[in-house]
Amino acid sequence: MDSNSDPVPRFFVGTDVGGTFTDLVVLRDGRPPRLFKSPTTPDDRSEGVVNALRLAAESYGMDLPGFCAAIGYFAHGTTAATNALIERKGAPTALLTTRGFSDTMLIQRSMTSWVGMGAATGHYSRRRNPEQIVPRSRIAEITERIDAAGAEIVALDEAEARATLRRLRAEGVRALAVSFLWSFVNGAHEERVARIIEEEWPEAYSTLSHEVAPVIGEYERSATTVVNSYLGPVIRDYIAGLEGRLRSTGFTGDFSIMDSGGGVMRAEDAARRASSMLTSGPAGGVLASTALAARLGHPNVITSDMGGTSFDVGLIIDGEPLVERISEVGDLHLALPRIKVTAIGAGGGSLAAVDESGVLVVGPESAGSVPGPACYGRGGDRPTVTDADVVLGIIDPERFLGGRMPLERSLAEKAIRTHIAEPLGLGVEEAAAGIRRVADNQMADLLRKVTVGQGHDPRDFVVYAYGGAGPTHAYAYTEAAGIATLVVPPTSTVHSAYGTVTSDRYRAVQTTEVHRTPPGADDPAAHLDAGRITESFDALAERCLADLDGDRRARLSRVAYLKFRRQSHELPLPVPDGPVTTGVLRELIGEFRAAYERIYGAGTALLGAGVEIHTLRVEGRVKVSDVREGPYPGSADPDASLIGEREVHFPETGRIATRVYRGEGLGAGAALRGPAILEFAGTTVVIGPSQTLHVDQRNNLVIDCKGEA
């Protein structure tokens, strides 16, 4: 145990399992966080988590059981749900739906072959029909019908339901999704089917649409219900396996899972809310960045997470993370509010190639952790972005991961020579520079796209960079996007894991009910039933508190989704606490108009068409821990951390002598001019030739990408 430790330390641990590395952060009251990375183990991801825990235990001079016994709280973010959906490795699932609506999941509002491509794409020939997670043979129609007012117009045929369940059970189905028409208005038929399932088939995993997605839109509601059941058994087994592994090491503390909507949930709730774990890992990074932005006074932030497999971008606008109500995952539209993260296949492990037209392309295919980039020496022979960084002198192969994982430059050179340089008639270094430029420009394009698409100028934002490769490339993609300020937090290499352990416990509930103003109204708010809206919000608040075990510490917030009549897209707007009056609604409609015109242009708001409120939502948060982080060590004198110099290739200068510093040695107040390399145990930070850096009082690296002193 380290000499400054308490007799019985209490640790708070956050983890994030990515495609290439498993990240882990340890918090302890009064001390700075400790950060660890271990290669992800695809065959059994819990092995990678335990390996990272072992590194942490060694850091504290403890054995693994002793360290795990001292963990009071363990939070986990993972891509397990996303991977299972995209790779179609969920449980055999059947859908029970209202008679006459068996094609809802197949039609997908006629968007089947366009999901994820964008409606404006011109590549008609590139359309593809997604692989259905529930084949037609497992979509069963049940005789029943509820109307839009919630009245029963066709009774549930219970005998038919029982016979259907027996047939599906004999066919090897493991999970059931029940999605009846208008169930979110009256869920009695779904609830009765749930009781029949319990009688006929108690071991089956089942999801009811009015519980998981109580919103209008039979396709989106059905898709969310199906996905939840499809992933449920997989996530249940994953969490049970991980928790069992942790308990066997001596862990006895609380266990939470990152919810992609905005916080953590108890591990025992995760299997019932499996669909909420989609983008679980990236959400942690955005939440950690939101808290950091509040401390630094940055209202508008672009979060950029570059790992080994992907480049994930989120937005913080006016201090709040951008949340989407309908999301696209695995070629499906889900009624699943989640922190909006846009990803492209541009990570350190992204493969570079020359396509059939002789053009250099990077990604989206990745080398992953196995075999990994060529320089890993694990059998990979195709060049990646990391290989290019090694060849260009940006990454020191002898000090990768703090020297725990030396790389082989010769293998990187060979891969680039064979697959890029020779086909294009270039030198190896020139080819490596091309790989890096393509990747950096792809990422800069994404920064522009996500901001402009929301009606914002990217130059009004600050970029936060994290992930194993984010700080290595951020100086280039931030500058290319025309953004002046880049921040690299001290937890950057494991920032998403840091977000899991510092996030609040979170729950959100919502309801769909239509509130509509008539066209041409002089005062649209006067036509809305303010009392009914207040009652609905109060009922949602009670449900949210109940889901949070009645914890009166919960902080509740309210959101209404507004749109113009007969339009498809909604905008979420916060609703202040207290009774919803006509005056409050008048202000809300005014804010809606301003937000609409900010996104779509002045004069585009059509108040004369009438306004609709379709969805009301309440979110609750409860603080999990109050760990007080201690100050980071380090010196304000950069020369105290100087390692030496090496030649590094920059696009604007070619090879140039560049000073290299030990990143952990830089403390508050340190300042330097580029070009410079800061080597940390888990990442490499690059300051470009025309840029400057200063370290703030919380050890955030603040880089001026415009090069102004």
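Reader: At what distance does the side chain of Glu-141 make a polar contact with the side chain of Arg-99?

Author: This is a predicted model: local features need pLDDT of at least 70, side-chain atom pairs need 80 or more, and totals for chains, interfaces and linings use all residues. Residues are numbered from 1 along each chain as its sequence is written, and side-chain values use heavy atoms, without hydrogens or water. A polar contact is a pair of N or O atoms within 3.5 Å; within protein, one must be able to donate a hydrogen and the other to accept it, and residues adjacent in sequence count only if both atoms are side-chain atoms. For Glu-141 and Arg-99 the distance is 3.2 Å.

Reader: Which side chain does a polar contact of 2.9 Å join to that of Glu-141?

Author: Glu-141 touches several residues beyond four places away in sequence, including Thr-97, Gly-100 and Glu-160. Contact here means heavy atoms within 4.5 Å. The 2.9 Å polar contact links Glu-141 to the side chain of Ser-102.

Reader: Why does Glu-141 count as partly exposed?

Author: Buried is under 20% relative accessible area, exposed is over 50%, and partly exposed is in between (1.4 Å probe, protein chains only). Glu-141 counts as partly exposed because its relative accessibility is 23%.

Reader: Which residue in the turn between strand 34 and strand 35 has a positive phi?

Author: Strands are DSSP runs (E, at least two residues), numbered from the N terminus. Strand 34 and strand 35 (residues 701–704) pair antiparallel over 4 bridges; pairing takes at least two DSSP bridges. Their hairpin has 5 residues between the strands, and the positive phi, about 65°, belongs to Asn-699.
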